[in-house]
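Biologist: I'm new to this one. Can you put it up on the screen and walk me through it?

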Amino acid sequence: MPEMTENETPTKKQHRKKNRETHNAVERHRKKKINAGINRIGELIPCSPALKQSKNMILDQAFKYITELKRQNDELLLNGGNNEQGFYW
């Protein structure tokens with residue numbers, strides 16, 4: 001963060017403060033949207049309800065789940081849908 005100089009006017013200080021406050025508000029909003037998205041993904045993946053999941057765990061499990069669903073879908077497409085195998089965690 002740049003140092004305040006002696007010749008900086010109060011108006012410039014107020015402007016910098018307003019810019020910082022605006023940036024902080026934008027960043028808080030961005031983080032809130034990311035967290036909400038991760039939580040929505042966490043609600044879709046199968047897991048133990050007693051397990052408190054971190055964001056990292058949710059993303060890791062979502063990747064594994066999506067990869068397995070894709071594999072199953074590809075297998076069904078290749079076999080013409082004759083495979084009755086289910087997906088279990």
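Modeller: Start with Ile66, which is found in helix H2. Helices (H or I, at least four residues) and strands (E, at least two) are DSSP runs, numbered from the N terminus. This is a predicted model, where local features need pLDDT of at least 70, side-chain atom pairs count only at pLDDT 80 or more, and totals for chains, interfaces and linings use all residues. Residues are numbered from 1 along each chain as its sequence is written, and side-chain values use heavy atoms, with hydrogens and water left out.

Biologist: Is Ile66 buried or exposed?

Modeller: Ile66 is exposed, because its relative accessible area is 57%. Buried means under 20% relative accessible area, exposed over 50%, and partly exposed in between (1.4 Å probe, protein chains only).

Biologist: How many residues lie between Ile66 and Ile45 along the chain, and what separates their C-alpha atoms?

Modeller: They are 21 residues apart along the chain, and their C-alpha atoms are separated by 8.9 Å.

Biologist: Which residues make up the largest nonpolar core?

Modeller: That core has five residues in all: Ile38, Ile45, Ile58, Ala62 and Tyr65. H2 gives the largest share of this core, three residues. A nonpolar core is a set of buried Ala, Val, Leu, Ile, Met, Phe, Trp, Tyr and Cys residues joined through side-chain atoms within 4.5 Å.

Biologist: Why would such side chains sit together?

Modeller: In soluble globular proteins, nonpolar side chains tend to be buried together.

Biologist: What does Ile58 touch?

Modeller: Leaving out residues up to four places away in sequence, Ile58 touches Ile38, Asn39, Ile41, Gly42, Ile45 and Gln53. Contact means heavy atoms within 4.5 Å.

Biologist: Back up a bit. How many helices and strands does the protein chain have?

Modeller: Two helices and zero strands. H1 covers residues 10–44, and H2 covers residues 55–79.

Biologist: What span should H1 have?

Modeller: H1 has 35 residues, so at 1.5 Å a residue it should span 51 Å. Its end C-alpha atoms are 52 Å apart, which agrees. The expected span of a helix is 1.5 Å times one less than its number of residues.

Biologist: And H2?

Modeller: H2 has 25 residues, so it should span 36 Å, and its end C-alpha atoms are 36 Å apart. Just after H2, Gly80 takes a positive phi of about 70°.

Biologist: Which residues of each helix are buried?

Modeller: In H1, they are Gly37, Ile38 and Gly42. In H2, they are Ile58, Gln61, Ala62, Tyr65, Glu68 and Gln72. The buried residues of H1 pack against H2, and those of H2 pack against H1.

Biologist: What share of the protein chain is buried?

Modeller: Buried residues make up 13% of its 89 residues. The chain exposes about 8,000 Å², with carbon and sulfur atoms supplying 57% of it. Those areas come from the Shrake-Rupley method with a 1.4 Å probe; for residues, only the protein chains shown count as cover.

Biologist: New topic. How many salt bridges are there?

Modeller: A search of the whole structure finds five. A salt bridge is a side-chain nitrogen of Lys or Arg within 4 Å of a carboxyl oxygen of Asp or Glu.

Biologist: What about H2?

Modeller: Asp60 and Lys64 both lie there, four residues apart. Their salt bridge is 3.3 Å, N to O. Asp60 is partly exposed at 35%, and Lys64 is partly exposed at 41%.

Biologist: What about Asp74 and Lys70?

Modeller: Their side chains meet in a salt bridge of 2.9 Å, N to O. They are four residues apart in H2, so about one helical turn separates them. Asp74 is partly exposed at 32%, whereas Lys70 counts as exposed at 52%. Salt bridges that share partners also join Glu68, Arg71 and Glu75 into one network.
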